[in-house]
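Please keep the sequence and the coordinates at hand while reading.

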2 protein chains.
Amino acid sequence: MGTAVKLAVIGAGSAVFSLGLVKDLCLTENLAGSQVSFMDINEDRLAMIQKLAARYADELGADLRFEATPDRCAAMRDADFVINTASVVSHEDSILMKQIAMQHGYSYARGAGPGDYFYRNTRLMLDFARDMERVCPDAWLIQSGNPVFEGCTLLARETSIKVCGLCHGHYGYKKIAAMIGLDPERITWQAPGLNHNIWLTHFLYDGQDAYPLVDEWIRSKGEEYWSLDTPTMPLPEDRKGSWTDALTRAWDIDLSRAAVHMYRMYGLLPVGDTPRRGGWWYHSDLATRRYWYGEPYGGQDTELSWPLYVENLERRIAEIARLAQDPKASIVASLGATKTTEQQVPIIDGLMNNVEGEFQVNVLNNGALAGVPDNVVVEVPAIVNRKGIQPLRVHPLPPKVMLEQILPDWLGMERQLLAFKTGDRSILLYNVLDNHQTKTYEQAVAVLEEQLAQAPNAEMDAHFRWPSNW
Amino acid sequence: MGTAVKLAVIGAGSAVFSLGLVKDLCLTENLAGSQVSFMDINEDRLAMIQKLAARYADELGADLRFEATPDRCAAMRDADFVINTASVVSHEDSILMKQIAMQHGYSYARGAGPGDYFYRNTRLMLDFARDMERVCPDAWLIQSGNPVFEGCTLLARETSIKVCGLCHGHYGYKKIAAMIGLDPERITWQAPGLNHNIWLTHFLYDGQDAYPLVDEWIRSKGEEYWSLDTPTMPLPEDRKGSWTDALTRAWDIDLSRAAVHMYRMYGLLPVGDTPRRGGWWYHSDLATRRYWYGEPYGGQDTELSWPLYVENLERRIAEIARLAQDPKASIVASLGATKTTEQQVPIIDGLMNNVEGEFQVNVLNNGALAGVPDNVVVEVPAIVNRKGIQPLRVHPLPPKVMLEQILPDWLGMERQLLAFKTGDRSILLYNVLDNHQTKTYEQAVAVLEEQLAQAPNAEMDAHFRWPSNW
């Protein structure tokens, strides 16, 4: 029998995420007796989640208490863990920014990039962490929403809160394995770096280097796969049926031309969200994206695929809402009774009940990844048990990966944090100028000003001032 | 009476530089009895320099011996100092690369940038330094040709030679002073950074902060100056008459729109070659350059001004050749008998004869400039005397300058050195892709391959191979 915890879930209205968490809690006997406090500003959604969670636990006979409150301090008071998935930037906000960017000549996938997403969500994260310092100073913050890299680094530097960022991206190794016909369960892997910028340093199949199998796949099947119009490649079990066919195809970029090009440049495969980023030349326009990321969608961030993603999220939320409205429906029958692959609950079980596991976490570096300053949050494997979250000091990344991928990303993060701290508008301008799609200085100024003038960015617009001699 | 030295001058065919050095040596009594060994692969030019040097010393009654040899080891054997001004990349080579780049859509001023200039000259510098390790292992190498930043860093890391890089750029503070009507002699200044990337952290006039005078000049005279078609601003004494009017105008960028824009972004003026670089948006094409750097030439690197510069160099060399052919001419009457503002000879006098001075040098950082790794060559002031070259630990540069200017430049240098060491052709490709003027991936590959296929780049072409899985 383990130790019960008090857990606060901020942004609990993210129905899919919250119900996954509830499943994992209900199926983790060690955490019996725990109390979960859901918080969201959307009270309807919040009430729905609370009811569904209670019904699910009830059906399984799990001993958990669920409460719901729109008051984040009430939710977090005396918590042992705070899981934050909140985003203040809505999909509508993001799409508005993309539309403005496109009017100024930028592609949908990349946008203009003054950093509004970063700034607004990080501001929210910092506000939460300041509240935590007052109401639950010893709690772990498990940051489960973006921007993980910038936000966790800021919080680790500026607050006294213990922060651990989580992301799904590293599971990309399973998709790579499945693509080349390997059983993901027999893979041993490692992919350290920065969040959304991780590289597969170790990829073993039954203990043997599996990279030659990747090379063989590229040689024998690459060209055929890259010229496909519809998906035919095998998918990992945990993704089958969970997406529409279109989304499946749009998301299958793990061995896309872009990913393999990065592999050729760096000698390591980029994992998860990493191939989704990469050099500007993969993203110039939809046609270019289609070449590098596959027909017909050009990967998951284009004007064709992203609306499908948002629509699908809405459809899943609607399904959950229908479930909530049907008092006779079995929640277990709908959601199943197997654990998700999310790391939040196993990490909590590790920290509280010494159920040791290895996880992919985002924590302050302090020497884990050579060549990155100590005060930067890195994404590395860590052993988690009662002693804490203990990152492995991983094998260094190749110099080329450091110089072309990791360190430029580090500088970008530092610029975002400097902008956040100083409110210097010229740093936002620099960020737009630094976008390879910017063609003239005037274009950068115009798109920046038009984006900052939008209602959702009002606080940001006020925060950022030009230098005094501008 | 000081200590005589043996001094080797590599690339001594650079007539203007070598004769300036001869002047400074002849006018530095402490160095009487010294021996100067000129080396160049152009033997005609070499013989001419030797004769002119001997005649000049003779006219002044200076006690110096001059020898000339095309054998660099002979020139450097037992030297106390080696001054290297050699460049294996000719003006013709550079212009050929620019022409190819322009055919692929790049501007003359920026080119495509695979790093051929860097690679070929650094290869030469390393060869010299390896020879020095054998024939004069205790000598100082005073590196007086580009690339100072990358080359000196490589030599400091890879060889046992003491290396100090010198550049003229820091004298830009005098031009700034003259522009706003201040006597350069009454200025106290400091401008640390990386070579060609230095920032005016201190600018005092009679001990008082002179930045308000810059602000006043910008406010009251900036617009008028920026709209001029011909130069009317005062010039420092040492540049009057030394350039044609056209060159004078082309070189006057110290308070150009670009320089002042950088000042507005960073709060510090960029000095010397620094405003000549800066963000891509100053350099997109000739019209853009004209706006930011002034009519009609658009600064010193354009298709209008650079040929004038090369032509002027050739004219000066022709003048020197005429002087050499006239046995009755007075060399002193032609060259004058005042010291130049070059730092080489005063630094030698400081190191050998304890004539202490403060100089702007490029040496391994080791803590002089905060935030830059220890094993990187920085440009900082140093006290030079018998104890050695002792850099000042300068006030840190502002975070914004570090994040947008210094550290990206550092990463670029590290990429050049990694490319040099590994021969990885994909790093050259990355450099071209990183050029903001590159519009497509295919364009980058095409311009890279066409540049490497040119005869002057044959050794480089052979050195750089694609990764094995390309």
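A residue is called buried when its relative accessible area is under 20%, taken with a 1.4 Å probe on protein chains only. In this predicted model, that description applies in helix 14 of chain A to Gln344(A), Val345(A), Ile347(A), Ile348(A), Asp349(A), Gly350(A), Leu351(A), Met352(A) and Asn353(A), so that the helix, which spans residues 344–353, is mostly covered, with 9 of its 10 residues buried. Just after this helix, Asn354(A) adopts a positive phi of about 60 degrees.

Because its relative accessibility is 10%, Thr159(A) counts as buried.

| Side chain | Backbone atom | Distance |
|---|---|---|
| Thr159(A) | oxygen of Leu155(A) | 2.8 Å |
| Thr159(A) | nitrogen of Ile161(A) | 3.2 Å |

When neighbours within four places in sequence are left aside, Thr159(A) is in contact with Leu126(A), Ala129(A), Arg130(A), Glu133(A) and Leu154(A).

Turning to nonpolar packing, the largest nonpolar core holds 211 residues, and of these Leu200(A), Phe203(A) and Phe203(B) touch the most other members. With neighbours within four places in sequence again left aside, the contacts of Phe203(A) include Tyr173(A), Ile176(A), Ile180(A), Leu182(A), Ile187(A) and Val214(A), and also Thr188(A), Gln208(A) and Asp209(A).

Note on methods:
Residues numbered from 1 in each chain as written. Chains lettered and ligands numbered in written order. Predicted model: local features only at pLDDT ≥ 70, side-chain atom pairs only at ≥ 80, totals over all residues. Heavy atoms only, no water. Buried < 20%, exposed > 50% of the residue type's maximum accessible area, 1.4 Å probe, protein only. Helix = DSSP H or I, 4+ residues; strand = E, 2+ residues; numbered from the N terminus. Polar contact = N/O pair within 3.5 Å; in protein donor to acceptor, adjacent residues only side chain to side chain. Contact = heavy atoms within 4.5 Å. Core = buried A, V, L, I, M, F, W, Y, C linked by side-chain atoms within 4.5 Å.
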